[in-house]
Amino acid sequence: MSSNPTGGPTDVTPVGGRSSTHYVAPLDETPLVSVDAVKVAEKRSNLWIDAWQDVRRRPMFWISAALILVVALVALFPGLFTQTPPNNNCILGNSNGGPADGHPLGFTKQGCDIYSRIVHGTSTSLSVGFIVIVLTTTLGILFGAFAGFYGGWVDAVLSRLGDIFFSIPYILAAVVIMSVLSQYRSVWSISLAIGIFAWPSTARVLRSEILRVKNADFVMASTALGLSRFKILLKHVLPNSIAPVIVITTISLAGAIVAEASLSFLGVGLGSNIMSWGNDINQAQNDLRTAPQTLILPSIALSVTVFAFISLGEVVRDALDPKARALR
Amino acid sequence: MTGYIFRRILQAIPVFLGTTFLIYFMVFAMPGDPIVALFGDKTPNPAVVAQLRAQYHLDQPFIVQYLIYLGGIFRGDFGLSFSGEPVTAILARTFPVTARLAILALLFETFFGILVGLVSGLRKGKLFDASSLAVSLILISLPIFVIAFVGQYVFGVWLGWARTTVSSGAPLQDLVLPALVLASVSFAQIVRLTRASVIETSGLDFVRTAYSKGLSSRRVIPVHILRNSLIPVVTYLATDFGVLLVGATITEGIFNVPGVGNTLYQAIIRGEGPTVVSFVTVMVLIYLVVNILVDLFYGLLDPRIRYVK
């Protein structure tokens with residue numbers, strides 16, 4: 001603005017001053033070159049790049065990412081964090097004992113090392129979480145995408161089917177399934193029990209997003225270009241409506257971890273041979289008065305893990321949804 | 001509106017049939033013979049077993065059992081539990097307790113949730129807002145049984161302000177602590193919903209008009225901002241009431257509340273198929289009815305919804 005390449009009357013005194021020559025406003029022209037120049041060096045921006053730019057400036061993102069990294073490391077390599085076996089060498093004399101040399105968090109009722117049990121329970125929680133989201137995302141995308149994109153009777157059938165699974169509170173449903181599968185209690189069966197009733201929320205989110213996207217101009221353009229309906233769904237509609245699915249997947253990962261712990265806590269979850277925070281909390285509940293640490297410590301591990309995934313999900317949602325960004 | 005109501009009820013019918021069928025199918029796929037299990041270690045008399053089997057229609061094919069059961073539901077007959085008590089009688093005993101707990105929790109979460117959410121939304125970005133958001137994030141991250149045990153330990157054992165378990169008859173003062181625990185998660189959600197809604201409403205033209213007419217914020221905040229921010233909150237509350245009536249299993253178990261959730265859980269553990277099916281059916285019915293009411297109410301508030309085909 002201040003530069004004046006056309007060489008206007010720069011010697012003119014402004015209006016306020018007394019001058020014999022009349023005032024001529026300076027020409028304000030943007031040089032054509034800067035308008036026409038294609039900025040080759042500038043990166044193309046899209047939803048994902050914008051989101052990354054937003055997310056990297058938020059401390060909450062780095063906190064939750066760091067927590068998830070630590071939790072993942074503990075889950076993958078428990079041997080790096082403790083040498084004490086979680087289930088063997090438990091000495092009943094140490095029952096509900098406080099911290100001792102080599103046992104920083106003390107002992108459970110059975111005299112096992114609490115720290116080691118927490119470390120070895122991590123992979124159980126994360127495995128259940130990941131198997132469940134693979135299940136819910138697959139089912140959710142299949143049901144949500146077809147229901148939203150094809151509409152009509154396909155939508156009616158698939159949506160009512162989703163409603164059926166959605167209407168049964170999923171903890172109750174999982175309790176029933178786990179009692180049916182009582183002979184086959186494993187990480188796989190509990191993930192199945194949770195996932196089979198948790199997918200409708202993913203499907204609903206994707207369906208409403210696809211309803212929004214499928215009327216966009218680029219969909220009409222691909223129809224005009226002769227792409228088949230299925231290819232349009234796969235190549236254009238789905239990639240453009242996947243953002244909310246990513247958010248709900250992160251949050252349902254946390255939900256699945258809570259569900260596993262709840263089921264194990266209720267005594268219908270994993271067998272006692274499998275290390276699980278929920279089992280440990282269940283075992284400790286009768287000693288709440290005398291030895292609260294045996295209950296509180298695995299609860300903290302559980303809550304921190306859940307917190308990490310939920311806050312990651314919320315940061316990502318804020319970044320992907322401009323409307324949520326305005327609320328900050 | 002009539003068409004909308006009709007459509008909404010029509011949609012609920014296949015869902016109800018599907019849900020009851022699914023539950024019936026799952027429960028009767030349970031391993032073990034429930035009739036034999038009734039006798040414990042004793043060897044049952046085959047004649048008695050056959051008679052019981054006929055009484056519970058267990059000698060019929062699965063689909064016939066389901067249809068008989070469905071017919072009973074329409075006559076208001078939800079069957080007998082294995083202890084011989086009609087399921088409706090168990091429900092009549094346990095449901096008031098759960099309803100009391102749910103209403104108490106609903107009162108807590110509504111009052112505190114809207115209050116904190118309103119103040120947060122009006123002071124967006126200030127210290128109070130930041131800390132209430134942090135607290136709500138933490139509350140959402142804590143599994144309900146962790147909140148329950150911490151509440152039990154702090155208020156029951158440590159401070160001694162409340163009983164750790166509910167005494168028989170479930171008097172109201174014993175239900176305060178479980179209700180607070182139950183309300184905590186929804187409280188966090190209501191704070192967020194109210195806050196977002198208040199921020200959105202505060203920026204609208206009619207609020208500016210109200211202020212420029214010279215109205216004081218003591219009038220603008222409750223009448224103009226709050227009232228117009230409550231639609232999403234009211235919807236959430238109604239849905240949540242359905243959830244509270246249905247899903248308090250864990251909290252009821254920990255505080256030993258003799259409610260629906262606790263009774264259902266005991267029945268599942270004991271493998272009492274018919275009781276489980278009946279309870280879950282009633283719960284799903286409540287849930288569906290509450291959801292239809294919410295949708296109708298929402299359609300009443302927002303005409304855009306009822307005209308969408």
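Biologist: In chain B, what share of contacts between residues at least 6 apart in sequence join residues at least 24 apart?
Modeller: It comes to 74% of those contacts in chain B. Keep in mind that this is a predicted model.

Biologist: How many helices and strands are there in chain B?
Modeller: Chain B has 14 helices and zero strands. Along the sequence the pattern reads α-α-α-α-α-α-α-α-α-α-α-α-α-α.

Biologist: And what percentage of chain B counts as buried?
Modeller: Of its 309 residues, 37%.

Biologist: Take B:Gly113. Which helix is it in?
Modeller: B:Gly113 sits in α5 of chain B, residues 87-122.

Biologist: Buried or exposed, that B:Gly113?
Modeller: Buried. B:Gly113 has 25 C-beta neighbours inside 10 Å, and the cut-off for buried is 20 or more.

Biologist: What is B:Gly113 in contact with, leaving aside neighbours within four places in sequence?
Modeller: The contacts of B:Gly113 are B:Phe187, B:Ile190, B:Val191 and B:Thr194.

Biologist: How far apart are B:Gly113 and B:Leu10?
Modeller: They are 35 Å apart, C-alpha to C-alpha. In sequence, 103 residues separate B:Gly113 from B:Leu10.

Biologist: Back up to α4 of chain B. What does that helix span?
Modeller: α4(B) covers residues 62-74, which is 13 residues. From first C-alpha to last it reaches 19 Å, close to the 18 Å expected at 1.5 Å a residue.

Biologist: Where is B:Asn256 placed?
Modeller: In the loop between α11 (249-254) and α12 (260-270) of chain B. B:Asn256 counts as partly exposed, with 17 C-beta neighbours inside 10 Å.

Biologist: Switching to chain A. At what angle do α7 and α10 cross?
Modeller: Roughly 155°, with the axes of α7(A) (residues 187-213) and α10(A) (residues 243-266) coming within 10 Å. The two helices are therefore roughly antiparallel to each other. Their crossing is right-handed.

Biologist: Which residues make the contact between α7(A) and α10(A)?
Modeller: From α7(A), they include A:Ile190, A:Ile194, A:Ala198 and A:Val205. From α10(A), they include A:Val245, A:Ile248, A:Ala256 and A:Leu263. By class, the contact has eleven nonpolar, five polar and two charged residues.

Biologist: What about α6(A) with α10(A), what is the crossing there?
Modeller: The axes come within 11 Å and cross at roughly 55°. That makes α6(A) oblique to α10(A). This crossing is right-handed.

Biologist: Which residues meet between α6(A) and α10(A)?
Modeller: A:Ile171, A:Ala174, A:Val175 and A:Met178 in α6(A) meet A:Ala259, A:Ser262, A:Leu263 and A:Leu266 in α10(A). That contact has seven nonpolar, one polar and no charged residues.

Biologist: How many residues of α11 of chain A are buried?
Modeller: Eight of its eight, over residues 277-284, which leaves the helix mostly covered. Among them are A:Trp277, A:Asp280 and A:Gln283.

Biologist: What do those buried residues of α11(A) pack against?
Modeller: Against α4 (114-150), α10 and α12 of chain A, together with α7 (144-158) of chain B.

Biologist: On to the contact between the chains. How many residues does each chain give?
Modeller: The contact takes 34 residues from chain A and 37 residues from chain B.

Biologist: Which helices of chain A each supply at least two residues of that side?
Modeller: α5 (152-167), α6 (170-180), α10 and α12 (293-320) of chain A. The largest share, eight residues, comes from α12(A). By class, the side of chain A that touches chain B has 22 nonpolar, nine polar and three charged residues.

Biologist: Last one, A:Ala65. Where is its place?
Modeller: In helix α3 of chain A, residues 59-76. A:Ala65 is partly exposed, with 15 other C-beta atoms within 10 Å.

Biologist: And how far apart are A:Ala65 and A:Gly148?
Modeller: They are 83 residues apart in sequence and 33 Å apart in space, C-alpha to C-alpha.

Methods. Residues are numbered from 1 along each chain as its sequence is written. Chains are lettered from A and ligands numbered from 1 in the order in which they are written. This is a predicted model: local features need pLDDT of at least 70, side-chain atom pairs count only at pLDDT 80 or more; totals for chains, interfaces and linings use all residues. Axes are lines fitted to C-alpha atoms, for helices over the stretch in contact, and angles run from 0 to 180 degrees between N-to-C directions. Helices (H or I, at least four residues) and strands (E, at least two) are DSSP runs, numbered from the N terminus. Angles under 35 degrees count as roughly parallel, over 145 as roughly antiparallel, 65 to 115 as roughly perpendicular and the rest as oblique. A crossing is left-handed if the near helix is turned anticlockwise from the far one by less than a right angle, and right-handed if clockwise. Two residues are in contact if their C-beta atoms, placed from the backbone, lie within 7 Å. Ala, Val, Leu, Ile, Met, Phe, Trp, Tyr, Cys and Pro count as nonpolar, Asp, Glu, Lys and Arg as charged, and the others, Gly among them, as polar. The expected span of a helix is 1.5 Å times one less than its number of residues. A residue is buried if 20 or more other C-beta atoms lie within 10 Å of its own, exposed if 12 or fewer, and partly exposed in between; C-beta atoms are placed from the backbone.
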